[in-house]
Amino acid sequence: MPEVTLENIAKMYGSVVASEDINLTIHDKEYVTILGPSGCGKTTLIRMIAGIIEPTRGKVYIDGMNMEGVPIEERGIGYVFQNIALFPHLKALENVSYGPIVHDLGREEAIEISTKYLELVKLLDRMKMFPSELSGGEQQKVSLARALATGAKLLLLDEPLSALDARVRMDLRYELRRLAKSLGLTVLHVTHDQEEAMTVSDRIVVMRNGRVVEINTPEMLYRDPQHIFTANFVG
């Protein structure tokens, strides 16, 4: 099962510092949220873990293995984007089965796996619908099922609920945590929504200006913040 370790991670774009001196360990089956205002480096950090961008310096370890030079498809991760990224010409079941088929599973086995995950996200009755026929919340559930169908045990969520309306966000965040715990996943969830982070997390990583300000449980961050920024931002 995956544990993620970051050692002195930094990312620079010329003179602009996106992330700097980040050290963090995400334990097996832990649900960790990266919380901070827009532009603080949250998405940059999760993309370095995924392998979408390479760190300027520092190392990313997944399951004890150095990920330097390892492409995204070989990292054993599932990634859910902020902007819902489904193939518009494929039905829900076909979207979910795309990953298993790419990973060289037979079509029948891929369909069986995909059906299981659509059932887990409670969308089995929508499996023959195109993305345009689904609500925003249903589309994001299909994205989640597609990420899980590859067999990934490490799930990276990049502001997965921000494009949804308030009621759907509230319902889906509980669904995310339920799925993560029932499937024994390690989850790293990026958000700028304090309530969302407090609801779903085992631990919260508070970021500001590309640096980690504080790491603790939701209760301790609320009751006993160690920094003024945390107290003001978490409320």
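Ala, Val, Leu, Ile, Met, Phe, Trp, Tyr, Cys and Pro are counted as nonpolar, Asp, Glu, Lys and Arg as charged, and the others, Gly among them, as polar. The views below show a predicted model.

**View 1. The lining of the largest cavity holds seven nonpolar residues, one polar residue and no charged residue.** The structure contains one cavity of 30 Å³ or more. The volume of the largest cavity is about 30 Å³. Its lining consists of Val80, Gln140, Leu144, Leu157, Pro160, Leu161, Leu172 and Leu176. Two or more of the lining residues come from each of α4 and α5 (166-183).

**View 2. The largest pocket has a volume of about 620 Å³.** Its lining comprises 24 residues, of which Ile77, Tyr79, Gly99, His103 and Thr150 are the closest to the pocket centre. At least two lining residues are supplied by each of β6 (77-80), α2 (92-102) and α4 (136-149). By class, the lining of the largest pocket contains 13 nonpolar, nine polar and two charged residues.

**View 3. Four strands form an open sheet in the order β2-β1-β4-β5, with antiparallel pairing.**

**View 4. Strand β4 (residues 57-62) and β5 run antiparallel and are joined by two bridges.** Ile62 has Met65 of β5 as its bridge partner.

Notes:
Residues are numbered from 1 along each chain as its sequence is written. This is a predicted model: local features need pLDDT of at least 70, side-chain atom pairs count only at pLDDT 80 or more; totals for chains, interfaces and linings use all residues. Side-chain values use heavy atoms; hydrogens and water are left out. On a 1 Å grid over the protein atoms alone, a cavity is a set of points where a 1.4 Å probe fits but cannot get out, and a pocket is an open set with protein on both sides within 12 Å along at least five of seven lines; lining residues have an atom within 4 Å of a point. Grid points are joined across faces, edges and corners, and a volume is the space filled by probe spheres set on the points. Two strands pair if DSSP finds at least two bridges between them.
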